[in-house]
Amino acid sequence: MSVPELIRIVSRDSPMALAQVERVRTELAVLHPGVRTEVVPVKTTGDKWMGDLSAVEGKGAFTKEVDAALLAGEADLAVHCVKDVPADRPLPAGTVFAAFLKRDDIRDALVHPGGLTLDELPAGTRIGTSSVRRVAQLAATHPQLECVPFRGNANRRLEKLAAGEADALLLAVSGLERIGRTDVISEVLSAETMMPPIGAGILALQCREGDTGLIDAVSGLGDTATHREATAERMFLHVLQGHCNSPIAGYARVDRSGELSLRACVFTPDGKTRLNAHEWAGPLDPATLGTSVAVALLRQGAREIIDGIPH
Ligand SMILES: NCc1[nH]cc(CCC(=O)O)c1CC(=O)O
């Protein structure tokens, strides 16, 4: 199958998303020096709507318009943060993941202009975050801090922080790396301190199902360990069937010996209840590991917690 001459790449138009596209173009140029690429930026509902995301109809606020451009043939390849691709349902009909790029840092960082660490922040410090996952974990470990709703892309959030709309922020390390702003990090939080979201730090390439020439051409950008981790994590979330307001966190890891494990948590919004599971795949394939960890949490009462949260 011959490599297409031109690949039109669609993505959100935030600085982070466009940096992600540049990574894909660079890696493509190494793999297929002859190929030309074009960028098709689109604004998504999640970029336009600055209110509560649970008020937006359906899921996929950061992916819907990107998927639509792909399906309409306005572009050939979509670049998504796996974290933003809904896992409770299949991918939009007619599209497939062609590759998961090698995973970036999965951790969250504290951004505090004074350079303090999370444990040093004085009581009443306002943390700008609308993430129910971050709010629940902070409430459990640092109840003296106050979370204030904060939306917008990472650059915009840094501007709002500088304007005094909050005293500190929690942002993904990988996102800050992509926009070239790791200088603002005052502390990188361990995955134990602040468990990351499903899919953290992973970029996925999505194509039209029948586009086999393109799928073959870009699949070489994929990373095997990341593929196993993404598959386990997304199946976990699929079985759990969460919603926008359910604090869920977790991550899979392929260790040095090649063994895959998945740990995951479900929280109540106040962080007071935390269900935990951690399993090794052993002979199980990644998707079955994801199912097994979800079932372990469901047995502990995850369904009741998730369904009990208004959404
Ligand atoms: N919802 C925005 C978003 N989507 C993906 C990332 C981080 C990068 C990644 O995990 O791929 C971010 C920013 C953040 O959470 O700080």
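## Close-up views of the predicted model

Figure 1. A backbone N or O atom of Ala 172 is placed 2.9 Å from an oxygen atom of the ligand. For Lys 83, a side-chain N or O atom is 2.4 Å from a ligand oxygen atom. For Arg 178, the corresponding distance between a side-chain N or O atom and an oxygen atom of the ligand is 3.0 Å. On its own, the ligand has 400 Å² of accessible area, of which the protein covers 92%.

**Figure 2. The shell around the ligand.** The elements β8 (168-172) and α6 (173-178) are those that contribute two or more residues to this shell. The residues surrounding the ligand are Met 16, Cys 81, Lys 83, Asp 84, Arg 134, Leu 171, Ala 172, Ser 174, Arg 178, Ala 200 and Gly 201. Sorted by class, the shell comprises 5 nonpolar, 2 polar and 4 charged residues. Shell residues come from both domain 1 (6-101 + 200-222) and domain 2 (108-188), and the ligand therefore lies between the two domains.

**Figure 3. The largest nonpolar core.** This core contains 22 residues. Within the core, the residues with the most contacts are Phe 236, Leu 240, Leu 262, Val 266, Leu 289, Val 293 and Leu 297. At least two core residues are supplied by each of the helices α8 (224-240), α9 (286-299) and α10 (302-307), and by each of the strands β11 (248-254), β12 (260-267) and β13 (274-280). Helix α9 provides the largest share of the core, with 5 residues. In soluble globular proteins, nonpolar side chains tend to be buried together.

**Figure 4. The loop between α8 and β11.** Two residues of this loop are shown, Gln 241 and Asn 245. Gln 241 has a phi angle near 50°, which is a positive value in a residue other than glycine. With a relative accessible area of 34%, Gln 241 is partly exposed. Asn 245 has a relative accessible area of 16% and is buried, because the cut-off for a buried residue is under 20%. The side chain of Asn 245 reaches the backbone oxygen of Pro 310 at a distance of 2.9 Å.

Figure 5. Ser 219 belongs to helix α7 (residues 212-219), whereas Gly 220 is located in the loop between α7 and α8. Ser 219 is partly exposed, at a relative accessible area of 36%. Gly 220 likewise counts as partly exposed, with 48% relative accessibility. For Gly 220 and His 32, which are 188 residues apart along the chain, the C-alpha separation is 9.9 Å.

**Figure 6. Val 30 in helix α1.** Helix α1 spans residues 15-31 and includes Val 30. Val 30 has a relative accessible area of 66% and is classed as exposed, because the cut-off for this class is over 50%. The C-alpha atoms of Val 30 and Leu 221 are 9.8 Å from each other, with the two residues 191 positions apart along the chain.

Technical notes: Residues are numbered from 1 along each chain as its sequence is written. This is a predicted model: local features need pLDDT of at least 70, side-chain atom pairs count only at pLDDT 80 or more; totals for chains, interfaces and linings use all residues. Side-chain values use heavy atoms; hydrogens and water are left out. A residue is near a molecule or strand if one of its heavy atoms lies within 4 Å of it. A polar contact is a pair of N or O atoms within 3.5 Å; within protein, one must be able to donate a hydrogen and the other to accept it, and residues adjacent in sequence count only if both atoms are side-chain atoms. Accessible areas come from the Shrake-Rupley method with a 1.4 Å probe; for residues, only the protein chains shown count as cover. Helices (H or I, at least four residues) and strands (E, at least two) are DSSP runs, numbered from the N terminus. Ala, Val, Leu, Ile, Met, Phe, Trp, Tyr, Cys and Pro count as nonpolar, Asp, Glu, Lys and Arg as charged, and the others, Gly among them, as polar. Domain bounds come from an automatic or database domain assignment. A nonpolar core is a set of buried Ala, Val, Leu, Ile, Met, Phe, Trp, Tyr and Cys residues joined through side-chain atoms within 4.5 Å. Buried means under 20% relative accessible area, exposed over 50%, partly exposed in between (1.4 Å probe, protein chains only).
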